[in-house]
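The following note concerns the model shown below.

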Amino acid sequence: MKKERDFLTHLEIYLAKRDGIDKLLKISRYASKFILASSVLPETLILNQRLKSFESSVGVSRKAFRLGKFVQDLNSLRNSNLDSNEEKVLSIIAYGGEGLYFFVEQFIWLTKSGLIDSKYAYRLQKISAWAEFIGYFGSISLKIKDLKVIIEWEKRLKSSIEIAMFRGDVFVEEMKEVKKVEEKKLTKKLSIVQDFADGLMALSDIRDGKGFISNPLLLASAGLLSALISTHKNWVSC
């Protein structure tokens, strides 16, 4: 029987990964944004100013963790086995959009760090936001298709269990398989919710923070929700 890892060992493995640190920073940033947007702290309070400074600093720090991350999307696109032209197009949109987003984010970090003239920042941020939004459109479409396949798989398993019950056969393995499929279905649903939340923030960036979707509390809530879901996914997978 496989020995369960204790919490500290699991935490060490989690923190050794780039995404592990990045998602903890994301939680810190959007938790700060949520507190600031909810007006829990008076504007005059020194802690309010410190939270604003902390949130801004963490936002820049997170960009450093995206150096070279676009390669991940290139490999995902190159190694994907797709059955239809529709899936190929959606994969190009999903991985291509996200890959371009991560690639441009490197240059945004350099403008924030002062190595590149800040006059290019706005244009780069626009390209980044559009690439991210388009990437999420493709990603959500692919995940919805995957979810439909998982639901059909679950139905077939449950149907086979019902037949086994009627015949008086043993169905222990099928029950274990159903549990695994249900976990996959939940993970996929959470992943879709995360993409919608991140897509909402990208749309707000495209619109330069204008409109009802750019409400600070709404965006902070979306960012925090996305951060918690991605942290959970990374924790379970490592």
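1. Basis of the note. This is a predicted model, in which local features need pLDDT of at least 70 and side-chain atom pairs count only at pLDDT 80 or more, while totals for chains, interfaces and linings use all residues. Residues are numbered from 1 along each chain as its sequence is written, and side-chain values use heavy atoms, with hydrogens and water left out.

2. Confidence. The mean pLDDT of the chain (the predictor's confidence in each residue, from 0 to 100) is 91, and 98% of the residues score at least 70. Helix α1 (residues 7-15) has the lowest confidence in the chain, with a mean of 90, and α8 the highest, at 94. Where pLDDT is low, the predicted coordinates should not be read in detail.

3. Overall architecture. The chain has eight helices and zero strands; both kinds of element are DSSP runs numbered from the N terminus (helices H or I, at least four residues; strands E, at least two). From the N terminus on, the order is accordingly α-α-α-α-α-α-α-α. The C-alpha trace spans about 70 × 45 × 35 Å along its principal axes. Of the 238 residues, 35% count as buried, where buried means under 20% relative accessible area, exposed over 50% and partly exposed in between (1.4 Å probe, protein chains only).

4. Packing of α2 and α8. Helix α2 (residues 18-37) packs against α8 at an angle of about 155°, and their axes are 8 Å apart. Axes here are lines fitted to C-alpha atoms, for helices over the stretch in contact, and angles run from 0 to 180 degrees between N-to-C directions. At that angle α2 is roughly antiparallel to α8; the classes are roughly parallel under 35 degrees, roughly antiparallel over 145, roughly perpendicular from 65 to 115, and oblique for the rest. The crossing of α2 past α8 is left-handed, that is, the near helix is turned anticlockwise from the far one by less than a right angle, clockwise being right-handed. The contact of α2 with α8 comprises twelve nonpolar, six polar and four charged residues. In this division Ala, Val, Leu, Ile, Met, Phe, Trp, Tyr, Cys and Pro count as nonpolar, Asp, Glu, Lys and Arg as charged, and the others, Gly among them, as polar.

5. Packing of α3 and α5. For helix α3 (residues 46-64) and helix α5 (residues 85-113), the angle is about 135° and the axes are 9 Å apart. The two helices are therefore oblique to each other, and α3 passes α5 in a left-handed crossing.

6. Salt bridges. The structure holds 18 salt bridges, each a side-chain nitrogen of Lys or Arg within 4 Å of a carboxyl oxygen of Asp or Glu. One of them joins K23 and D22, at 3.5 Å from N to O, and both K23 and D22 are buried. E154, K158, E182 and K185 are linked in a salt-bridge network.

7. A bridge between separate elements. In the salt bridge of D208 with K126, the closest N and O atoms are 3.0 Å apart. D208 lies in the loop between α7 (172-206) and α8 (216-237) and K126 in helix α6 (residues 121-167), so the pair ties together parts that are 82 residues apart in sequence. D208 is partly exposed, at 38% relative accessible area.

8. K155 and E152 form a salt bridge at 3.9 Å, N to O. The two residues are three apart in helix α6, a separation of about one helical turn. K155 is exposed at 51% relative accessibility, whereas E152 is partly exposed at 40%.
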